[in-house]
Amino acid sequence: DGGSTITALSLDMSAAGAATFNSSVTSTGLTVNAGTNKVVLANNFATTGNTDSPKLAFYSFGDVATYPVSGPSIKKVNTGSYGAGDLVIYQHGPTDFTNEVEALRISSAGAATFASSINTNSDVVIAKSATGIPSLTLSGFAGASSPYSIINFYNSDGSQQGPNNAAQIKALAINSDGSGGSLDFHTSTGT
């Protein structure tokens, strides 16, 4: 364009032709034959590993400038030293093409936090090692005589309404500050 010289592409022949592009790369297809190596998303401005990673985004539109968010994305959010971080999956927000919401966060310790309900068409198994004791925790808060956790048993028709709610187990707080507790068991006649 008549301006200053720009190095658009560098090829390092001492590294078998490793290519470094000066800016973004647009392609109709990309095949990565990494073998035993890794595909790395690196933050070039980081002097250590203690920073968020770039985001890997899945777009449904080609015009990224106009539609900066139009599909799910994933990134590492830094939480500690030596590059430790949470793996976060985002979903496109429901209102426009510019916002997104956190759908799932997996901590560096492996704990998963979902932003909404978890649905499965298979069994849910909670297991630990042979010497461990698995536990299931339902956490909530309520005043006296009010439920703070409920387990519902539904008929498999999926309506979750009326007689299809076959039974319930409710954990009730005893005191107004939420302390103490009792379990109530409820069944339905189907009418």
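Me: Which residues does Ser182 touch, leaving out those up to four places away in sequence?
Reply: In this predicted model, Ser182 touches Lys170, Ala171, Leu172 and Ile174. A contact here means heavy atoms within 4.5 Å.

Me: How far apart are Ser182 and Leu172 in sequence and in space?
Reply: They are 10 residues apart in sequence, and their C-alpha atoms are 5.2 Å apart in space.

Me: Where is Ser182 found?
Reply: Ser182 belongs to strand S10, residues 182-187. Strands (E, at least two residues) and helices (H or I, at least four) are DSSP runs, numbered from the N terminus.

Me: Why does Ser182 count as partly exposed?
Reply: Ser182 counts as partly exposed because its relative accessibility is 31%. Buried means under 20% relative accessible area, exposed over 50%, and partly exposed in between, with a 1.4 Å probe and protein chains only.

Me: On to pairing. In which sense do S5 and S6 pair?
Reply: Strand S5 (residues 85-92) and strand S6 (residues 100-106) pair in the antiparallel sense over 6 bridges. Two strands pair if DSSP finds at least two bridges between them. His92 has Glu100 in S6 as its bridge partner.

Me: And over how many bridges do S6 and S7 pair?
Reply: S6 and S7 pair over 3 bridges, in the antiparallel sense. Here Leu104 has Phe114 in S7 as its bridge partner. The hairpin of S6 and S7 has 5 residues between the strands, and Gly110 takes a positive phi near 100 degrees there.

Me: New topic: which residues form the nonpolar patch on the surface?
Reply: The patch consists of Val124, Ile126, Leu136, Leu138, Ile151 and Phe153, with about 580 Å² of accessible area together. Accessible areas come from the Shrake-Rupley method with a 1.4 Å probe; for residues, only the protein chains shown count as cover. Like charges are joined within 9 Å, and nonpolar side chains (Val, Leu, Ile, Met, Phe, Trp, Tyr) within 5 Å.

Me: Is Leu136 buried or exposed?
Reply: Leu136 is exposed, since its relative accessible area is 62%. Leu136 lies in the loop between strand S7 (112-114) and strand S8 (147-154).

Me: What should I know about the numbering and the model?
Reply: Residues are numbered from 1 along each chain as its sequence is written, and side-chain values use heavy atoms, with hydrogens and water left out. The model is predicted: local features need pLDDT of at least 70, side-chain atom pairs count only at pLDDT 80 or more, and totals for chains, interfaces and linings use all residues.

Definitions and conventions:
Patch = residues over 30% accessible without salt bridge, like charges linked within 9 Å, V, L, I, M, F, W, Y side chains within 5 Å. Salt bridge = Lys/Arg side-chain N within 4 Å of Asp/Glu carboxyl O.
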